[in-house]
Amino acid sequence: YCPNGPTGYAAGVGYDLTTGIGSVDLNNLITAWGVPALTGTTLTLTQQTTSPTTTAPIQVGISVAPASGSSTPTGTVSMLVDGIADSTPVTLSNGTATYSATVKGSGNHILVATYSGDANFASSTATLSLNTSPETTLNITATTTSPLVKQQDTFTFSVEPTSGLDHPTGSVSISVDGNLVSYATLSANSIATYSTSFSTLGQHTVSASYASDNSFASSSSTINVNVVTGTTLTITPATSSPRVGDNDTFTVNVSPASGTTAPTGTLRVLVDGQVLSPAPTLTNGSATFTAMFGSTGAHSVSATYGGSDAFKESDATASLVVLASLINTTTTVTATSNTPDTGASVAFTVTVAPASGTAAPDGTVSVLVDGTPDPTASALANGAATLSTSFTTAGTHTVTAVYSGSANFATSIGSVTVTVPTVSFTLAGSSASTQQGGTVSSTITITPNHGYSGSISFAVSADTSLTHTCFALPSATVTGDGPVTSTLSITTNQASCPTVTGQSAMIGSLSPATQGSSPKDGPRNTGVVVTVAGVLIGLLGRRSRKLRGMAALFLLITLGMIASGCGGGSDSSNTSTNANATPKGTYTITVLGTDTATSTLASSTKVTFTVN
């Protein structure tokens with residue numbers, strides 16, 4: 001019989017192709033061969049696993065020994081476990097083998113082994129009784145796996161069977177960092193507890209072992225804990241009542257319970273329950289971030305520090321009430337005069353206008369004059385406020401108003417620039433005419449500009465064609481806003497020139513222009529010299545009595561020289577018959593006025609003078 005069915009040729013009577021010799025009587029053939037004698041065997045089963053359980057295979061040793069002789073049986077051994085045949089026979093090697101038996105459930109189990117025999121050895125059978133215990137799992141849990149230093153932590157030990165409904169009994173041995181510290185008896189539910197604390201930071205281990213009982217296998221387990229420093233987290237908003245649409249800045253501080261080292265790591269931040277990304281990072285235990293709220297009402301921001309190898313986790317929540325957004329404002333500043341005089345009071349009006357709505361902003365405005373804050377603040381009335389100030393120096397000045405804002409209106413800033421003109425005065429002289437040898441007056445009008453006040457001294461000069469003429473023009477004082485006059489006295493007869501006494505007047509005299517170089521004619525330009533002396537008297541009058549006297553003496557000597565030079569001689573171009581009188585004609589006189597306190601403050605005018 002072949003594996004794929006019969007093959008070849010059918011046998012027949014007589015010679016055929018199958019046997020080649022005709023049919024064979026199989027019974028006669030077997031009987032003629034005979035049956036050989038087999039040696040008996042003994043099959044032995046040995047339990048090699050000392051504490052068999054319900055989950056792990058049980059190792060069983062198999063040995064087939066001959067009843068006699070030294071030959072070793074060969075072949076296979078078939079196994080039945082609790083009456084169920086294992087489909088794979090175990091092959092002997094030198095008469096032995098090892099079988100891994102898997103049983104289900106705890107209690108007694110029967111293994112039956114059958115040696116199949118071989119050409120020399122007879123078959124044999126053996127039976128082994130096994131008693132298995134359910135395996136157990138020891139679970140360890142802790143109140144916290146990151147306890148604080150010296151903080152009590154409780155550990156729970158639970159011994160659970162892998163099968164069956166019974167509960168393991170007995171106790172568990174507990175070790176901390178490898179040192180046995182306690183034995184804890186299991187409760188009816190196979191649970192035990194143990195509490196301890198750790199005095200040092202860092203990693204620690206807690207181990208437990210269940211020694212087994214008559215029904216359950218042993219087990220063990222270990223849990224790691226990391227002892228850390230406690231932390232306190234605080235979260236502080238820049239304002240607890242931000243406006244809709246405005247960024248509010250939050251500061252988070254994570255402080256250690258002890259030590260000087262600051263916690264590091266990232267924070268988990270929730271803004272109204274939504275995770276903030278990216279997560280803020282702690283620097284020296286602190287972090288900041290911003291959040292914006294799109295609606296009014298109550299909102300919350302929470303932050304959680306997840307802890308580290310050295311620090312305990314912590315968290316906190318900040319509550320806020322978001323207000324409606326502020327109405328923008330525009331601040332403008334106007335002045336009653338954009339070009340006020342020095343020292344003059346100027347009124348400024350500050351107006352704060354809302355960007356929307358009709359309600360006038362309330363609150364106050366503060367003022368800065370050229371960047372210097374005014375010590376007082378003005379309250380708005382119907383959105384406006386007024387203030388007054390003055391300026392002591394000429395030039396450009398800026399007045400800035402800062403609106404402080406209110407519950408409904410945003411702050412704003414406005415400014416105005418005013419220009420204070422330089423203080424000055426102007427001179428104007430009336431024209432004058434007189435007969436030859438006569439005396440006439442010209443009114444010099446001083447008009448103060450931009451708040452000028454003070455004392456003015458004068459100097460009078462004329463061209464060199466004006467001869468035999470004397471001038472007198474006393475100083476003038478300006479005290480008010482209106483024009484002030486001083487009288488310029490012009491004498492056209494040299495003999496009638498007044499004598500200079502004191503400082504009541506500045507006197508100038510010009511000699512006639514001469515022809516040739518006669519000593520009687522004197523210096524041609526002595527009038528200019530005298531004018532200079534007069535100026536000295538005017539300029540020095542306010543500074544030094546000694547210098548003033550010297551200038552007056554200089555003027556008198558000069559006049560004496562002139563007088564001595566006017567005694568004879570004549571001007572060939574002069575049609576006058578009076579040698580001491582001013583020649584007829586029209587002349588231009590220059591009057592220079594100078595402030596006696598500030599020499600750079602001056603003004604001049606020209607006076608037309610006619611001698612008929």
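The following legends describe close-up views of a predicted model.

**View A. A nonpolar patch on the surface that includes Leu 29.**
The patch is formed by Leu 26, Leu 29, Ile 30 and Trp 33, which together present about 460 Å² of accessible area. Leu 29 belongs to helix α1, which covers residues 26-33. With a relative accessible area of 31%, Leu 29 is classed as partly exposed, because this class lies between the limits of 20% for buried and 50% for exposed residues.

**View B. The stacked aromatic pair of Phe 250 and Phe 289.**
The model contains 3 aromatic pairs by the rule applied here. In the pair shown, the ring centres of Phe 250 and Phe 289 are 5.4 Å apart, and the angle between the planes is 10°. Phe 250 is situated in strand β17 (residues 247-256) and Phe 289 in strand β20 (residues 286-292), so that the pair links distant parts of the chain, 39 residues apart. Phe 250 is buried, its relative accessible area being 0%. Phe 289 is likewise buried, with a value of 7%.

**View C. The tilted aromatic pair of Phe 425 and Tyr 452.**
A distance of 5.0 Å separates the ring centres of Phe 425 and Tyr 452, and their planes meet at 45°. The pair is therefore tilted, since stacked planes are under 30 degrees apart and edge-to-face planes over 60. Phe 425 is part of strand β30 (residues 424-429), whereas Tyr 452 occupies the loop between β32 (439-449) and β33 (454-462). The contact thus ties together parts that are 27 residues apart in sequence. Phe 425 counts as buried at 3% relative accessibility, and Tyr 452 also counts as buried at 3%.

Key. Residues are numbered from 1 along each chain as its sequence is written. This is a predicted model: local features need pLDDT of at least 70, side-chain atom pairs count only at pLDDT 80 or more; totals for chains, interfaces and linings use all residues. Side-chain values use heavy atoms; hydrogens and water are left out. Patches are made of residues with over 30% relative accessible area and no salt bridge: like charges are joined within 9 Å, nonpolar side chains (Val, Leu, Ile, Met, Phe, Trp, Tyr) within 5 Å. Accessible areas come from the Shrake-Rupley method with a 1.4 Å probe; for residues, only the protein chains shown count as cover. A salt bridge is a side-chain nitrogen of Lys or Arg within 4 Å of a carboxyl oxygen of Asp or Glu. Helices (H or I, at least four residues) and strands (E, at least two) are DSSP runs, numbered from the N terminus. Buried means under 20% relative accessible area, exposed over 50%, partly exposed in between (1.4 Å probe, protein chains only). Rings of Phe, Tyr and Trp (its six-membered ring) pair if their centres lie within 6.5 Å; planes under 30 degrees apart count as stacked, over 60 as edge-to-face and the rest as tilted.
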